[in-house]
Amino acid sequence: MSKVSKAISTNGPFDDLGLAVACHEPLSHHTWLGIGGAAAFFCEPVDADALSRVVKRCHERGIALRVIGGGSNILIPASGFAGMVVRLSAPEFCAIDFKRPSVTVGAGAKLVHLVSAAVQAGLSGLETLVGVPGTVGGALVGNADGHGGDIGERVREVSVMLPSGDIDVRSGPRLSFGSRWSNLDDGIVIGCRLELDEESPEQLTKRMQKQWIVERSEQPSGTRTVAMMFKDPHGTSAESLVVQAGARDLRVGEASVYATHANYVVAAPGCSSDDVRGLIELVRGRVRERLGVELTPQIEMW
Ligand SMILES: Cc1cc2nc3c(=O)[nH]c(=O)nc-3n(C[C@H](O)[C@H](O)[C@H](O)COP(=O)(O)OP(=O)(O)OC[C@H]3O[C@@H](n4cnc5c(N)ncnc54)[C@H](O)[C@@H]3O)c2cc1C
């Protein structure tokens, strides 16, 4: 659960549900960039039943609802979010359960925990995702990828909570994953089953370590207030385009292109959401103007 002190809602739309709902929760405490405004309501339900009550109430009252995972791919505006934000941090949503060669995992589990648990169990297929920050839910929705594979390739079943509060278990042709994209955008992903391959833990560990070295060399180090700006266009990297367009030294306010990894924005103290948004648009415009390529933002702007 978040350690942030919370103003607990009274006379609010969720009071009769028997849940701890915080009002005016600063979302900056829940994102990597550490900036942006507050959520009108914020809740970390203890189980699927509690989540269902929140989801149903939002649906009935027309209250906007969003999920926050690890917050590594979200830009929150200064005005915050005028609705309910849920976070699946309770143990029920973070469980990892192996039934060889499959693993069932809650959407709130950290991806890093899932990857290392699978490697230790001698099950391969997820080690390409080592170093990708965030939760399993965020990875599923955005089809997170690493060098040589994405999570969607291993997904066999996904449980999604619908606005009605019912759980829809999807498999086969009802699941679709593309480049940093999935069709899981119509509800709250609460868990999934992935199919993995048997392999010796020693070999897997070595492979994961190599992969981790590559991944780390491509990520900013020494700061957490970063976000990935653009998706890689087919056949090239967004980073190389930003460099070729001469955009690596750009900055807007306290937001700047990360010096050694030009596809990341870094937020210095005092940075605002408008700074980050402005920088992304500036870089995108420079790449369009100089190279004729339209980059697609990776970070989601709420
Ligand atoms: C340093 C750094 C390195 C990165 N490297 C990679 C990389 O190598 N590969 C890659 O693919 N990405 C990478 N990313 C981007 C990011 O880590 C991924 O997109 C990640 O999967 C986001 O997960 P999250 O839990 O942080 O999602 P969040 O940022 O919390 O949310 C992202 C979106 O997913 C939705 N969401 C989250 N959980 C759920 C849920 N349970 N149900 C429904 N919707 C949900 C949110 O509402 C939001 O729309 C990187 C980011 C950073 C900052």
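**Before you start**

This is a predicted model: local features need pLDDT of at least 70, side-chain atom pairs count only at pLDDT 80 or more, and totals for chains, interfaces and linings use all residues. Residues are numbered from 1 along each chain as its sequence is written, and side-chain values use heavy atoms, with hydrogens and water left out.

**Stop 1: the domains**

Colour the protein chain by domain. Domain 1 covers 7-90, domain 2 covers 94-217 and domain 3 covers 226-301. These bounds come from an automatic or database domain assignment. Now look at domain 2 and domain 3. Their C-alpha centres lie 27 Å apart.

**Stop 2**

Select residues 155-161. This is strand β12, and 5 of its 7 residues are buried, so the rest of the structure largely encloses it. Buried means under 20% relative accessible area, exposed means over 50%, and partly exposed is in between (1.4 Å probe, protein chains only). Strands here are DSSP runs of E with at least two residues, helices are runs of H or I with at least four, and both are numbered from the N terminus.

Two strands pair if DSSP finds at least two bridges between them. Pick Val160 and find its bridge partner in β13, Asp168. Then follow the hairpin of β12 and β13, with 5 residues between the strands. In this hairpin, Gly165 takes a positive phi near 95°.

Met161 has Ile188 as its bridge partner in β16.

**Stop 3**

Which strand pairs with β8 in the antiparallel sense over 4 bridges? Select β7 (96-99) and β8 (102-106). The partner is β7. A hairpin of 2 residues joins β7 to β8. Phe98 has Val103 as its bridge partner in β8.

Zoom in on the loop between these strands, where Pro101 sits. The peptide bond joining Arg100 and Pro101 is cis, with omega about 0°.

Stay on β8. It is mostly covered, with 4 of its 5 residues buried. β8 also pairs with β16, antiparallel over 5 bridges. Gly106 stands opposite Gly191 in β16.

**Stop 2: the ligand**

A residue is near a molecule if one of its heavy atoms lies within 4 Å of it. The shell has 33 residues, and the closest are Val67, Ser72, Thr135, Asp145 and Glu300. By class, 17 are nonpolar, 12 polar and 4 charged. Here Ala, Val, Leu, Ile, Met, Phe, Trp, Tyr, Cys and Pro count as nonpolar, Asp, Glu, Lys and Arg as charged, and the others, Gly among them, as polar.

Which element gives the largest share of the shell? It is α3, with 4 residues.

A polar side-chain atom of Ser72 lies 2.7 Å from an oxygen atom of the ligand. For Glu215, a polar side-chain atom is 3.2 Å from a ligand oxygen atom. At Gly138, a backbone N or O atom lies 3.5 Å from a nitrogen atom of the ligand. Taken alone, the ligand exposes 980 Å², and the protein buries 94% of that. Accessible areas come from the Shrake-Rupley method with a 1.4 Å probe.

**Stop 5**

Select His24, in strand β2 (residues 21-26). Its phi is near 55°, a positive value in a residue other than glycine. Is His24 buried or exposed? His24 is exposed, with a relative accessible area of 60%.

Jump to Arg180, in the loop between β14 (177-178) and β15 (181-182). Phi of Arg180 is positive as well, near 50°. At 18% relative accessibility, Arg180 counts as buried.

**Last stop: an open sheet**

Finish with an open sheet of 4 strands, in the order β18-β21-β20-β19, with antiparallel pairing. Its edge strands are β18 and β19 (251-252), and each pairs on one side only. β19 pairs with β20 (residues 255-257) over 2 bridges. Arg251 has Ser256 as its bridge partner in β20.

How values were computed
Polar contact = N/O pair within 3.5 Å; in protein donor to acceptor, adjacent residues only side chain to side chain.
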